[in-house]
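Thanks for coming. Please have the model open while I talk.

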Amino acid sequence: MTTKTETSAALDVAIDPGMGSVGQIAADVERSGFGGMFLGETCHDPLLLLAAASQTTSTLRLGTSIYVAFARSPMVTAIAANDVQALSAGRLTLGLGSQIKPHITRRFSMPWSQPAARMREYVLALRAIWSSWENSVPLRFEGEFYTHNLMTPMFDPGPNPYGNPPVIVAGVGEHMTRVAGEVADGLLVHSFVTKRYLQEVLLPNVEGALAAAGRSRAQFEVIVSPMFATGSTDEEVAEAREFVRGQIAFYGSTPAYRGVLDLHGWAGLHEDLYRLSKQGDWAQMPLMVSDEVVDEFAVSAPVERAAAEVDRRWGPVADRISVTAATDAALSAWRDAPKFYGGRSQSDK
């Protein structure tokens, strides 16, 4: 397996802000020295919020982690991403994820099938649409899942002065990570991952796909958003560990993620968690997760030590690292992290 250059990965922050505060939060994140800010899609549209954030920042990289691809036509995503790329003067990273079948079919009322193959085609469709605008050529994309063959001058925005945004694909399984290596500009690694699983399973998949496609690892980004148990006191760290224990229990009960536990010899843990989830016994599930498991998944320390530990653990295998701040208090706790992390300004990365 090839390795990245011996420099610290860029340090970003992943947040989930309220509608009215994103511009101010983004400005604060930029002033704190983070390299980027990534927004997930839960209760809000992350591209809409990033459009607002682009107006209060000038250097901060703006990304989605994730934008739910299968909830939208590739054309809808292509238009929205193109607009945010222009508004931000070329600072957008479009992170796409598949979500899971119940959400796509029951929450979004959209079709679901062959997620890895569908994601591969989705990325190719985006590139075909953008190429049509950039090069003034007819739009002719004919796929198994998506067809785009109409683009009249009224609906063609023309070339984006800042080029097209990089597209990264989120994945935890072998098939989706292979798709990332084949057609995307990077891999957004799910938080339910260990360093060993990344090194032994995901990166070899990516690098094999890159090699088969004749692409270079140097032009491909691996972005991780690991779990953290941190705070300003030992009591806060201990409380955060229990929250992380619950996260591990939730993800570990999902069959699609069991490969991570299997690699470490914890297949029985998945079976127990899955059984309890089917019984609806959510309170019992975290009790099944040992401290050994928590330590394997999470960086657990006060913020000033956590920043250095995440660099030590994840820096050698990642190009960018996102720390998670789901609340204003969490963001405040992480604000000084860039001072303790790596050896150079994050905005330089």
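Which residues does Met119 touch, not counting residues up to four places away in sequence? They are Ala69, Phe70, Leu96, Gly97, Ser98, Val169, Met176 and Val179, where contact means heavy atoms within 4.5 Å.

Before going on, a word on the source. This is a predicted model, in which local features need pLDDT of at least 70 and side-chain atom pairs count only at pLDDT 80 or more, while totals for chains, interfaces and linings use all residues. Residues are numbered from 1 along each chain as its sequence is written, and side-chain values use heavy atoms, with hydrogens and water left out.

Back to Met119. Its place is in helix α5, residues 115–135. Helices here are DSSP runs of H or I with at least four residues, strands are runs of E with at least two, and both are numbered from the N terminus. Met119 has 0% relative accessibility, so it counts as buried. For that term the cut-offs are under 20% relative accessible area for buried, over 50% for exposed, and partly exposed in between, with a 1.4 Å probe and protein chains only.

Now the chain as a whole. It has 14 helices and 13 strands. The radius of gyration is 20 Å, close to the 20 Å that the globule rule gives for 349 residues, so the chain is as compact as a globular protein of that length. That radius is taken over C-alpha atoms, and the rule is 2.2 Å times the number of residues to the power 0.38. The C-alpha trace spans about 60 × 45 × 40 Å along its principal axes. Of the 349 residues, 51% count as buried. Taking contacts between residues at least 6 apart in sequence, 72% join residues at least 24 apart.

Next, strand β13, residues 320–325. Ile321 lies in this strand and, at 0% relative accessibility, counts as buried. Its contacts beyond four places in sequence include Ala9, Ala10, Leu11, Asp12, Val224 and Tyr341. Val222 is 99 residues from Ile321 along the chain, with 8.7 Å between their C-alpha atoms.

What does Arg320 form a salt bridge with? The partner is Asp12, and the closest N and O atoms are 2.8 Å apart. A salt bridge here is a side-chain nitrogen of Lys or Arg within 4 Å of a carboxyl oxygen of Asp or Glu. This pair links distant parts of the chain, with Arg320 in strand β13 and Asp12 in strand β1 (residues 10–15), 308 residues apart. Both Arg320 and Asp12 are buried.

The whole structure has 18 salt bridges. Another joins Asp295 to Arg241, with closest N and O atoms 2.9 Å apart. Asp295 sits in helix α11 (residues 291–297) and Arg241 in helix α8 (residues 234–252), 54 residues apart. Asp295 is partly exposed at 40%, whereas Arg241, at 14%, counts as buried. Arg245 forms a salt bridge with Asp291 at 2.8 Å between the closest N and O atoms. Here too the link runs from helix α8, with Arg245, to helix α11, with Asp291, across 46 residues. Arg245 is buried at 9%, and Asp291 is partly exposed at 45%. Shared partners join Arg241, Glu242, Arg245, Asp291 and Asp295 into one salt-bridge network.

Glu30, in helix α1 (residues 22–32), is another matter. Glu30 is buried yet has no salt bridge; the nearest side chain of opposite charge is Arg91, 4.5 Å away. For charge, Lys and Arg count as positive and Asp and Glu as negative, while His and the chain ends are not counted. Leaving aside neighbours within four places in sequence, Glu30 is in contact with Thr57, Ser58, Thr59 and Leu60.

Last, the backbone. Most residues other than glycine have a negative phi, and most peptide bonds are trans. Where is there a cis peptide bond? One joins Ser65 and Ile66, with omega about 20°. Ile66 lies in the loop between β3 (61–64) and β4 (67–68).

Ala89 has a positive phi of about 60° although it is not a glycine. Ala89 is in the loop between α3 (74–87) and β5 (92–97) and is partly exposed at 41%. Ser136, also not a glycine, has a positive phi of about 55°. Ser136 lies in the loop between α5 and β6 (141–142) and is exposed at 61%.
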